[in-house]
Amino acid sequence: MITCKETDDIQRFLENAVDAIHSQGYFIAPHSLPQPIAQALLDEVQALQQSHFHEASIGRETDNTQNKTIRRDQIHWFNGQTQAEAIWLDWTSNIQTAMNRYLYMGLFSFEGHYAHYRQGDFYKKHVDAFRGKSNRKLTLINYLNKSWSQDDGGEMILYLPNNQSVSIAPEFATTVLFLSEDFPHEVLPSKRDRYSVTGWFRINESGHI
Ligand SMILES: O=C(O)CCC(=O)C(=O)O
Ligand SMILES: [Fe+2]
């Protein structure tokens, strides 16, 4: 059952997210993914057999060797068919609705995957979408790692305009949102298993990948 407090929490979360995306293009919120959803995702990703993951790639043109110098994580795309995926996708749909209602972003669909960085895995600096070439508009990441310490590495560095950057620890239930075309980012080498779910809200324009 959803309680009034949970409804208030999600409303406040959505208001903060909309304000932050509107004013600065990114939003970082620790402890914001409801605990039961984060726990269900963590249980599921840890139970997934290795065979369900594959090496992440960075584009059709690059060969596998080149790929591995850029990113080393392993991913498993969602099909929405497990309960954990379904409740997370339901939660993400609140974000889509709020961004469309208040910021007219025209977000139309969503795609997401689990990511597993093993010890030593990283993802070098990149952007998730090239302007005018991709339907990806808004990136969403939820981290699933309990008791992450500074010694564990694996921070996500988000590069801001004016040579500024923010470092984000991949701590359990933290949410990160940013405009996919506007923020280069990278994942520093992780010193322990690092789990997350990542997704992209897309617009519906033909001719883009
Ligand atoms: O896991 C993260 O912190 C970022 C992942 C990422 O940049 C990506 O999958 O495109
Ligand atoms: Fe990325």
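Student: Which residue in strand 4 is the bridge partner of Ile75?

Tutor: In this predicted model, local features need pLDDT of at least 70, side-chain atom pairs count only at pLDDT 80 or more, and totals for chains, interfaces and linings use all residues. Residues are numbered from 1 along each chain as its sequence is written, while chains are lettered from A and ligands numbered from 1 in the order in which they are written. Strand 3 (residues 74–77) runs antiparallel to strand 4 (residues 109–117), and four bridges join them; strands here are DSSP runs of E, at least two residues long. Within this pair, the partner of Ile75 is Ala115.

Student: Which strands stand at the edges of the sheet?

Tutor: The open sheet has seven strands in the order 1-9-6-11-4-3-2, with antiparallel pairing (two strands pair if DSSP finds at least two bridges between them). One side of each edge strand is left without a neighbour, because each has a single partner: these are strand 1 (26–29) and strand 2 (54–55).

Student: At what angle does helix 1 run to strand 1?

Tutor: Helix 1 (residues 4–24), a DSSP run of H or I with at least four residues, lies across both strand 1 and strand 9 (175–179). To strand 1, the angle is about 145°.

Student: How many nonpolar residues has the contact of helix 1 with helix 4?

Tutor: Helix 1 meets helix 4 through residues including Leu14 and Val18 on one side and Ile95 and Met99 on the other, with C-beta atoms, placed from the backbone, within 7 Å counting as contact. By class, the contact has no charged residues, two polar ones and, as nonpolar residues, 10.

Methods. Contact = placed C-beta atoms within 7 Å. Axes fitted to C-alpha atoms, helices over the stretch in contact; angles between N-to-C directions. Nonpolar A, V, L, I, M, F, W, Y, C, P; charged D, E, K, R; others polar.
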